[in-house]
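Please examine the sequence and the structure before reading on.

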Amino acid sequence: MSSRKGFTLIELVLVIAIIAILAAVIAPRFMSQMPKAKISATKANLENMRSALGVYIAEGNKWPTNPTALKAALVPKYMRAIPYETISDTKSNMIGGCGGNAGWCYRQLSATDWEIYLNKAGADVLGEAYSNY
């Protein structure tokens, strides 16, 4: 018998195989959570912008009447920057008119009300329409 200490090649291969099997079982569970995380992040960013706009209005300011005025009203006093929406492939933080497929939509609801929405058509992986965010 040899007096050398250490692991044999068979033992190392066996440990690597076990780690690979565990990774193959666990990785899909984490990867399936990615779309849900993007949805949550986008909803949180949208709610933060709505809250900042609410504070702006509560301080006696008038509703910004276009996307450029909205950005100027919120940044930098109420927000450091306009957040990115993370659902679209382009991950835009642009505020524009509605009808695009990325970024944020700022539209007039009535003569005195405006609203910020996600500028994306369709529904998310959970079946909720983007317009309901």
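## The model and its parallel pair

The structure is a predicted model. Strand β1 covers residues 95-96, and strand β2 covers residues 104-108. These two strands run parallel and are joined by two bridges. Within this pairing, I95 stands opposite W104 of β2.

## The antiparallel pair

Strand β2 is also connected to strand β3, which comprises residues 114-118. Here the strands run antiparallel, with five bridges between them. A hairpin of five residues leads from β2 to β3.

Individual residues show how the two strands face each other. Q108 stands opposite W114 in β3, while Y106 has I116 as its bridge partner in that strand.

## Burial of strand β3

In a regular strand, side chains alternate between the two faces of the sheet. On one side of β3 lie W114, I116 and L118, and on the other lie E115 and Y117. Both faces are covered, as these residues are all buried.

Why is β3 described as largely enclosed by the rest of the structure? Five of its five residues are buried, and therefore the strand is largely enclosed. Buried here means a relative accessible area under 20%.

Definitions and conventions: Residues are numbered from 1 along each chain as its sequence is written. This is a predicted model: local features need pLDDT of at least 70, side-chain atom pairs count only at pLDDT 80 or more; totals for chains, interfaces and linings use all residues. Side-chain values use heavy atoms; hydrogens and water are left out. Two strands pair if DSSP finds at least two bridges between them. Helices (H or I, at least four residues) and strands (E, at least two) are DSSP runs, numbered from the N terminus. Buried means under 20% relative accessible area, exposed over 50%, partly exposed in between (1.4 Å probe, protein chains only).
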